[in-house]
Amino acid sequence: MTNPTLLILAGDGIGPEVMAEVKKIIGWYGDRRGVTFDVSEDLVGGCAYDVHGVPLADATMAKAQEVDAVLLGAVGGPKYDVLDFSVKPERGLLRLRKEMDLFANLRPAQCFDALADFSSLKREIVAGLDIMIVRELTSGVYFGEPRGIFVEGNERVGINTQRYTESEIARVARSAFELARKRGNRVCSMEKANVMESGVLWREVVTKVHAEEYPDVALSHMYADNGAMQLVRNPKQFDVIVTDNLFGDVLSDAAAMLTGSLGMLPSASLGLPMANGRPKALYEPVHGSAPDIAGQGKANPIACILSFAMALRYSFDMGAEADRVEAAVAKVLADGLRTADLMGAEGGTPIGTTQMGDAIIAALDASLV
Ligand code: NAD
C-alpha cells in the first residue's frame, strides 16, 4: 500500500510557526503509530510572491491536485497590502479553492470543557458542544449573475443573484450526509424556502438525496433565521448543519464564536472524490497570519493541529486517530496549559507555540500507555 500524501503550504506570518507543531505530530505518527505520510512542502501567499511573483505557482497548484490532502497555515501580511489585487496573497488561497473545486466548507464548532468559560454564552449551553457546519462554497449569491451596480432611471441599483443548480445542491448535501454518518448521524438543512425559490429547490433536492441515498441519516429542515436563533439558544441540538454560501458564511462565524478563541478553530474544504476515493481536500485554521504576533513564538498552534485531525478523519478514514489528537488537545487544556490568546481572568503564565506543541505530543505519548 502506498503512503498517504500531504502537501504542506505553511504560508506567511504565524503560518510556519503553527505548522511546525503539526509537522511534529505528523512525525509522531510515523515514529509511534507506523503511519508514514509522504510530505512535500511548497510556498503560498506572500512568500510565494517574493520568490515567483505570484501567490501560487502553477507547479504548486499541480502538486495540490495530486496529493491526498493539502495542509495550509495562513497567508498575508502588511508587507503585501500594497500589491495589486491580482497577486495579493489571498489570491493564492482562492486559486486553490477554485481549481480544486472545493465546494463543501466544513467549520466545526467544538467547545473543549476547559474553555467553556471563554464563550460569550453560559457554560451549560456550550460545554460539550460539537457541531459541524457544512457551507456550500463555490456557488450561490457570491457568484451568481447578473451582479453589479447599475443605473435605473435616476438612481443606482446594486444587484446580486442567488443561483443554485440541482447538482450543486445535491453534491454538498451528499457531503453533509457522509459526514453525519461519521458523527451523530443527523443533518439539519437550513434555507429560506418560505421566501426564496432557490430555498424551495434547495429543500426539494436535499430531501430527494436523503430519501434515495441516505435514508439511515436523520434529516430535518429549518429556516436559516430560526437556525441563527437556535444556534445561540440551544446549539447542542445540532449535529451537522448544511446550508448555502451566504447563510453558511454568517452561521459558521456565529457558531465558531460560541467556542472562544480564533486560535482554536480548524476548517476543511472538500471537493469531489478522486480516483482513490478520497475527496479533494484542503485543511486550514480559520485564523489569518496574525502579523501582530508573528515571529514571537506566541501563536496558538491548536487550530492548525485540529485541522490536521480533520484530515485524519475526513481524508484518511482515521477517525479513532483524529479522536486521539482531539483528546490530547483536551488533556493539555484541562491541565491548565494556555497560550497567550487563551489566558482568562484567572491569570497565570502563558506558554509559547513550541511548548504547546510539545505538551500535545506528550499527551499523545500518554494515550498509548
Ligand atoms: P488574524 O486571524 O490574522 O488575526 C486576528 C487576531 O487574532 C490578531 O490579534 C491575532 O494575533 C489573533 N490570532 C489569530 N490567530 C491566532 C493564533 N493562532 N494564536 C493566537 N492569536 C491569534 O486576522 P487579521 O489580523 O484580520 O489578518 C491578518 C492577515 O491575515 C491579513 O493579511 C489577512 O488578509 C490575512 N488573513 C488570512 C487568512 C487565511 O490565510 N486563511 C484568513 C484571515 C486573514
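## Ligand site and cavities

An oxygen atom of the ligand sits 2.8 Å from a polar backbone atom of alanine 290. The protein covers 68% of the 800 Å² of accessible area that the ligand has on its own. The model is predicted. A search of the whole structure also turns up two cavities of 30 Å³ or more.

**Ligand shell**
- There are 21 residues around the ligand, and Glu90, Gly288, Ala290, Asp292 and Asn300 come nearest.
- By class, the shell has 10 nonpolar, seven polar and four charged residues.
- Glycine 288 places a backbone N or O atom 2.7 Å from an oxygen atom of the ligand.
- For valine 75, a polar backbone atom is 2.9 Å from an oxygen atom of the ligand.

**Largest cavity**
- The largest cavity holds about 70 Å³ of space.
- Its lining consists of Pro108, Ala109, Gln110, Phe112, Leu115, Thr259, Met264, Leu265, Pro266 and Leu306.
- Strand β4 (residues 104–110) supplies the largest share of this lining, three residues.
- Eight of the lining residues are nonpolar and two are polar, with no charged residues.

**Second largest cavity**
- The volume of the second largest cavity is about 30 Å³.
- Gln162, Tyr164, Glu191, Lys192, Met196, Ser198, Gly199, Trp202, Asp244 and Phe247 form its lining.
- Helix α7 (residues 197–213) contributes the most here, with three residues.
- The lining of the second largest cavity splits into four nonpolar, three polar and three charged residues.

Technical notes: Residues numbered from 1 in each chain as written. Predicted model: local features only at pLDDT ≥ 70, side-chain atom pairs only at ≥ 80, totals over all residues. Heavy atoms only, no water. 1 Å grid on protein atoms, 1.4 Å probe; cavity = no way out; pocket = protein on both sides within 12 Å on 5 of 7 lines; lining within 4 Å. Points joined across faces, edges and corners; volume = space filled by probe spheres on them. Helix = DSSP H or I, 4+ residues; strand = E, 2+ residues; numbered from the N terminus. Nonpolar A, V, L, I, M, F, W, Y, C, P; charged D, E, K, R; others polar. Near = heavy atom within 4 Å. Polar contact = N/O pair within 3.5 Å; in protein donor to acceptor, adjacent residues only side chain to side chain. Areas by Shrake-Rupley, 256 points an atom, 1.4 Å probe, with all protein chains shown as cover.
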